[in-house]
Amino acid sequence: MLWLGSLLVAVLLLWLLGPLFALWQSRRRLGQAVPDTGDLDGAAASARRRLYYFHAPHCGACRPMTAMVNRLRQSHPNLIMVDVGESPRIARDFGIAATPTLVLVEDETIRQVKLGGQSERALLGLLTGDAP
């Protein structure tokens with residue numbers, strides 16, 4: 001029975017350390033140069049400030065946010081959606097370990113990384129520069 005307790009503790013540790021690893025992985029990219037995103041940027045390629053939204057179709061937290069991002073993209077061409085399943089190289093180059101993740105790029109440098117769902121107000125703040 002001791003092995004069952006040890007197994008339970010190991011599973012709980014992995015469950016707790018997973019999100020911490022995702023946070024660490026994303027935060028260590030701050031201040032680094034942006035990987036090549038020429039294939040994704042389209043009209044936003046010349047924008048000084050771009051916001052990349054990394055998502056996956058199977059991600060439950062991504063579904064409501066994806067609808068909001070699609071709506072905001074109509075008025076903000078500097079909001080770029082990246083499906084991690086379709087663009088695994090880009091996700092890997094940005095150090096994406098969890099979805100949804102937002103990466104703010106300014107002057108070709110990664111300035112902020114936000115993990116998890118965000119409000120429309122937070123997205124607009126990141127897009128316009130009014131975010132803390």
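Visitor: Which residues are buried in helix α5 (residues 120-128)?

Guide: In this predicted model, Leu123, Gly125, Leu126 and Leu127 are the buried residues of helix α5, where buried means under 20% relative accessible area, exposed means over 50% and partly exposed means in between, computed with a 1.4 Å probe on protein chains only. Local features need pLDDT of at least 70 and side-chain atom pairs count only at pLDDT 80 or more, while totals for chains, interfaces and linings use all residues. Residues are numbered from 1 along each chain as its sequence is written, and side-chain values use heavy atoms, with hydrogens and water left out.

Visitor: What makes α5 a helix, and what do its buried residues pack against?

Guide: Helices are DSSP runs of H or I with at least four residues, strands are runs of E with at least two, and both are numbered from the N terminus. The buried residues of α5 pack against β1, α3 (62-73), β2 (79-83), β3 (101-106) and β4 (109-115), contact being heavy atoms within 4.5 Å. Just after α5, Gly129 takes a positive phi of about 95 degrees.

Visitor: Why is the link of Cys59 and Cys62 called a disulfide?

Guide: A disulfide is counted when a pair of cysteine sulfur atoms lies within 2.5 Å, and the sulfur atoms of Cys59 and Cys62 are 2.5 Å apart, so the pair is called a disulfide. A search of the whole structure finds one disulfide. The link of Cys59 and Cys62 is right-handed, with 80 degrees about the S-S bond, and both Cys59 and Cys62 are buried.

Visitor: How do you know that Tyr52 and Phe94 form an aromatic pair that is tilted?

Guide: The structure holds two aromatic pairs. Rings of Phe, Tyr and Trp (its six-membered ring) pair if their centres lie within 6.5 Å, and planes under 30 degrees apart count as stacked, over 60 as edge-to-face and the rest as tilted. For Tyr52 and Phe94 the values are 5.3 Å centre to centre and 45 degrees between the planes, so the rings pair and the pair is tilted. Tyr52 lies in strand β1 (residues 49-55) and Phe94 in helix α4 (residues 88-94), so this pair ties together parts that are 42 residues apart in sequence.

Visitor: Why are Tyr52 and Phe94 called buried?

Guide: Tyr52 has a relative accessible area of 0% and Phe94 one of 2%, and each value falls under the limit for buried, so both residues are called buried.

Visitor: What makes the pair of Phe54 and Phe94 tilted?

Guide: The rings of Phe54 and Phe94 lie 5.2 Å apart centre to centre, with 55 degrees between the planes, so this pair too counts as tilted. Phe54 lies in strand β1 and Phe94 in helix α4, so the pair ties together parts that are 40 residues apart in sequence. Phe54 is buried, as is Phe94, and ring pairs link Tyr52, Phe54 and Phe94 into a cluster.
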